[in-house]
Amino acid sequence: MPTPVTVPTSPVTIGTSKHAITMVMGMWLIIGLFIDGFAHNHGAVETFFTPWHGILYSGYLACAIWIFHMIRSNKINTMSASWIEAIPAGYKLGAFGVILFFFGGLGDMYWHTVFGIEKNIEALLSPTHLLLFSGGLLIITSPYRALSHGEKRAAPTFRQLLPALTSIALTFTVMAFFLMYAWSFRQNLWMAREEDAIARAVVDFLITTMLLVVPLMVVLRRWKLPFGTVTFFFLFESFFLAVLDGFEQYGSIIILLISGIIGDVMFRAIKDRETTDWRYKAVFFVLPVLVWSLYFAGLKLFDTLDWAPELWGGSIFLSALCCMGLSILAAPVESRSRK
């Protein structure tokens, strides 16, 4: 009687090195996205078939081939009964994202051929671009989903957690791309005196603050924060967003580098305490104060600052309060044991 084939009943797990390769492919994809964004912002896009679209879609193709390769290898090595069972743990949504991005790309080519090339916010909110956004997010979040279940250590090192950290950083950077009109470092709204413009500026400060600090809260929901994480996230977002304007706003990189280093030092000082400790909330209050104080100080010293103290001081304090409040809600409910 033939020996029955053992079919795996749980998702196939893969090693950290394979997640790292996924992130390399994801970086390729997102670099293409930001180069395309730079081209859109500077009027260089006239057709669908451009070099920057070539970078974007070749990055997608690399992601698709790599994910399919992992699925195929798992199916052969584990004798999985179906292709779905062979999808690595955390990658089912990523595989769906590959399909979604494919149809988004076809739709984008058709859309540009029929309706032309969009400009400004229209380009960010076009249906096909949002479909590409959806597929891309599902792909680049795969390593985080996999490691959030597979990494059992409560306090892994920065290197051990790097694929997950890169996954989170890419995710929020893509979000920031589609919210580039609300990224405070790209605006000149501090010179506005009209009520509506001032209100928009304050909202932009809040949105930018959330894009910077929420990634840290995501990590802390699952792990202790490895030293260097704050600087990594802050520099990651600031560098990519600076690409959109040809690094004209390089001051944001300096501000967030300084803030990131100080943030890492503050978190390291409380690393032996549970993430439910009040000191973590205090750090989340201080971080926005630090970022926007440096920002307004830079304006005062090197540019212009027409806002009254109530406006710039209130914007700083409101951002800090909202950040602290969100950190209270995002903190783990129960303490976890550390290994």
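Me: Helices are DSSP runs of H or I with at least four residues, and strands are DSSP runs of E with at least two, numbered from the N terminus. Which helix does Ile 316 lie in?

Reply: Ile 316 lies in helix α12, which covers residues 309-330. This is a predicted model, in which local features need pLDDT of at least 70 and side-chain atom pairs count only at pLDDT 80 or more, while totals for chains, interfaces and linings use all residues. Residues are numbered from 1 along each chain as its sequence is written, and side-chain values use heavy atoms, with hydrogens and water left out.

Me: Ok. Is Ile 316 buried or exposed?

Reply: Ile 316 is buried, because its relative accessible area is 7%; buried means under 20% relative accessible area, exposed means over 50%, and partly exposed is in between, using a 1.4 Å probe and protein chains only.

Me: And what does Ile 316 touch?

Reply: Leaving aside residues up to four places away in sequence, Ile 316 touches Val 289, Trp 292, Ser 293 and Phe 296, where contact means heavy atoms within 4.5 Å.

Me: Let's step back. How many helices and strands are in the chain?

Reply: The chain has twelve helices and zero strands. Its radius of gyration is 22 Å, close to the 20 Å that the globule rule gives for 339 residues, so the chain is as compact as a globular protein of that length; the radius is taken over C-alpha atoms, and the rule is 2.2 Å times the number of residues to the power 0.38. Along the principal axes, the C-alpha atoms fill a box of roughly 85 × 60 × 25 Å.

Me: What percentage of the 339 residues count as buried?

Reply: Of the 339 residues, 50% count as buried. Among contacts between residues at least 6 apart in sequence, 78% join residues at least 24 apart.

Me: Switching to charges, how many salt bridges are there?

Reply: The count comes to three salt bridges, each defined as a side-chain nitrogen of Lys or Arg within 4 Å of a carboxyl oxygen of Asp or Glu. One of them pairs Arg 186 with Asp 245, with the closest N and O atoms 2.7 Å apart. Arg 186 lies in the loop between α7 and α8 (195-220) and Asp 245 in the loop between α9 and α10, so the pair ties together parts that are 59 residues apart in sequence.

Me: What about Asp 204, which residue does it meet in a salt bridge?

Reply: Asp 204 meets Arg 200, at 3.6 Å from N to O. Both residues lie in helix α8, four residues apart, which is about one turn of the helix. Asp 204 is buried, with a relative accessible area of 4%, whereas Arg 200 counts as partly exposed at 40%.

Me: And which residue does Arg 279 form a salt bridge with?

Reply: Arg 279 pairs with Asp 277, the closest N and O atoms being 3.0 Å apart. Arg 279 is partly exposed at 24% relative accessibility, and Asp 277 is buried at 17%.

Me: Now the outside. Which residues form the nonpolar patch on the surface?

Reply: The patch consists of Phe 49, Ile 99, Phe 102, Phe 103, Leu 106, Met 109 and Leu 131, with about 680 Å² of accessible area together. Patch residues have over 30% relative accessible area and no salt bridge, with like charges joined within 9 Å and nonpolar side chains (Val, Leu, Ile, Met, Phe, Trp, Tyr) within 5 Å; the areas come from the Shrake-Rupley method with a 1.4 Å probe, and for residues only the protein chains shown count as cover.

Me: Which helix gives the most to the patch?

Reply: Helix α3, residues 92-115, gives the most, with five residues. Leu 106 has its place in helix α3 and is partly exposed, with a relative accessible area of 40%.
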